[in-house]
Amino acid sequence: MPNEALSNDDKNHAVSPFVVGVSGHRDLRPDDLPRLRTAVAEILGQLKEHLPDSELRIVAGMATGADLLVAQTALELGFAVDALLPMPLEHYAADFDPPSLSELENLLAHKEVSCRELPLATAAGESGLTEPDRDFHYAMLTRQLTRGCSLLIALWDGEPSALPGGTADTVLRYLGVRTDRNKDDERLEFYDAAPDADLPTRLVYWIPTARAKNDSAPEPGSAADARSPCFLAGLGDNALQRLPGMPHRLEVHLRSLNAYNREYQHFKDGWRAPPAPDSLLQGLPETLRDPYDLAVLERIDTQYGKADALAMHFQRRSDQLFAFFNLVAFAMGLAYLTYEKFMSTRLLLFVYLVILTWSATVYYVLHERRWFAKHLMCRALAETLRVKFYLRLARGDQLVDAEEVLSLSGINRFHGFGWIGHVLIGVEAPAQDAGHGPGAQKGGVDLAWIENQRKYFVRKVAQLQRSGMRTKWLKRVLFGIIIAVVLILLLLGENAREHPLFGIPLENFGTFLIGLMAVTLASWELHQNKMANRELLWQYRNQLKHFSRASAQLARTLAAGRRLEILVALGKDSLMESYLWTIHRFHREHEPPGRA
């Protein structure tokens, strides 16, 4: 079975999918199958209702029972499936009876199914993998599902189990209430979530399932007896919260992700010949392109190009809005000065009123489109994907959890930012096979990423410093003109009223000029405040410091393991720096973060 990349979107690779993982028991009761299929179809239909312009992607380990049931149901509904096998099929087949194996092979041959096999951790003996080895691979599948899906559908009896990679283990680890420290604790408690509960990001859609090994019906009051599907969220060690309906936060994330995909499609449709998006892969030397991992890198690169293109698009729109706002402020100041010094007519007051009401209306209507906030969202996503791309190239992407860094910064709590994590999950892929590609060797990622970024920040810092110096001199010149005019008026005294200039008394012309310089200074200061060039210079300097330090360290480090540690530390520092700048800029334009 070839190791294909996990991607179903052959028509439009730029669509950011919402990934749904699957976990469940193998021994489902035959009389319960129709109900389970209906429940699966209902949740998939509910998700798709919120994602009309997006792709819903199903990732399953394809084990007999629940996995195959969900995969079949998804395919019947027109959804594509990513089969992520915990081990090569030749070894995985030992866990199937002949009918189930035939069903698996038929599904893997389906045109809407792509397949990837997790590599063997150790060489298999003549009799195949040992039981501990198989448990290890199922645990690795659990780890990949934990990192690689935005929602987990669990066909589970609700009973605890310490089996590594089992359904209970997968659900509890996914929700963050089980780790290696408490894996042997078989207590499990369910609570009804409070209406105003502050829920974590990770959710499980639980479809209570009776198992065939239990011949009798579920005992009244047991977890499996709760026949209605519901959402689960983590509460504490082996403690879960039940939610009867889809949480509001998930609905917001789904709508936001769909809007992101729709806006990119509108952006592309707005061009007769859309400009080529920026690409990290295009300038990459052939020696660094790992053929075993090229499809994964292409997927990350495509999502980066999409986020970068939208970030630039929304930045241009927001910059134009800021420029319009400053121009209107300047025009209003100029109109008032003209009325005060030259033309005290009602017509000018009427023009002033028209400019004020029209500009305020246009500004607030356009401001509601949230171009600046969208620019910040897309820029944060693009920079995260840039780091993820190069860490994947260096075999270090599994060592940096971008979702965790997002949570630490708190940026995912901002209104409209929560969907970013779902895009990152959509490009998640299993760890690469050992020995493939150049890894973090000298002359690899350090040149393609670090040196390029370091030179970029050097240019940007120098550019902003020059712009800052020009601004300072402009302010000094304007301030000097004001002082000079004031001194001239003081020296002339009463005579300033009697000396005309262009037919206007010199006193009126001088005071008009003073006011004009003041309005110009105020408008320019407002523009600088909106553009936040000082904060941008601060961020670029900090990024330059991080990349320069990493470059100096790598120049003196040869051990591949130690070089990887430096790259991972740089990735975390660079991400946090980008998020802190985003937080600062968001606060300048919007209210503090609230519960999304």
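Predicted model: local features only at pLDDT ≥ 70, side-chain atom pairs only at ≥ 80, totals over all residues.
**Figure 1. The whole chain, to get your bearings.** You're looking at 16 helices and 11 strands. Both are DSSP runs numbered from the N terminus: helices are H or I with at least four residues, strands are E with at least two. Of the 596 residues in the chain, 51% are buried (under 20% relative accessible area, with exposed meaning over 50% and partly exposed in between, for a 1.4 Å probe and protein chains only). Take the contacts (heavy atoms within 4.5 Å) with a separation of 6 or more: 81% of them come from residues 24 or more positions apart.

Figure 2. Strands of a sheet pair through backbone hydrogen bonds, either parallel or antiparallel. Here nine strands line up as β4-β3-β2-β1-β5-β7-β8-β9-β6, with mixed pairing; two strands count as paired if DSSP finds at least two bridges between them. At the edges sit β4 (113–117) and β6 (189–192), each pairing on one side only. From one strand to the next, the twist averages 30°. Helix α6 (residues 167–174) packs on the sheet and touches β1 (18–24), β5 (151–156), β7 and β9. The direction of α6 makes about 150° with that of β5.

**Figure 3. Strand β8 and its two neighbours.** Five of the seven residues in β8 (residues 230–236) are buried, so this strand is mostly covered. On one side, three bridges join β8 to β7 (residues 204–208), and the two run antiparallel. Y205 stands opposite F231 of β8. β8 also pairs with β9 (residues 239–243), again in the antiparallel sense, over five bridges. F231 has L243 as its bridge partner in β9, and G236 has A239. The β8 and β9 hairpin has two residues between the strands, and N238 takes a positive phi near 55° there.

**Figure 4. Helices α2 and α4 side by side.** Two packed helices are described by the angle between their axes and the distance between the axes. For α2 (residues 66–76) and α4 (residues 98–108), that's an angle of about 35° and axes 11 Å apart. Axes are lines fitted to C-alpha atoms, for helices over the stretch in contact, and angles run from 0 to 180 degrees between N-to-C directions. L68, A71, Q72 and L75 in α2 meet S100, E103, L104 and L107 in α4.

Figure 5. α8 (residues 294–341) and α10 (residues 371–393) pack at about 155°, their axes 7 Å apart. They are therefore roughly antiparallel (angles over 145 degrees; under 35 is roughly parallel, 65 to 115 roughly perpendicular and the rest oblique). Their crossing is left-handed. A373 lies in α10 and is buried, with a relative accessible area of 0%. F314 is 59 residues from A373 in sequence, and 8.6 Å away in space, C-alpha to C-alpha.

Key:
Residues numbered from 1 in each chain as written. Heavy atoms only, no water. Left-handed = near helix turned anticlockwise from the far one by under 90°.
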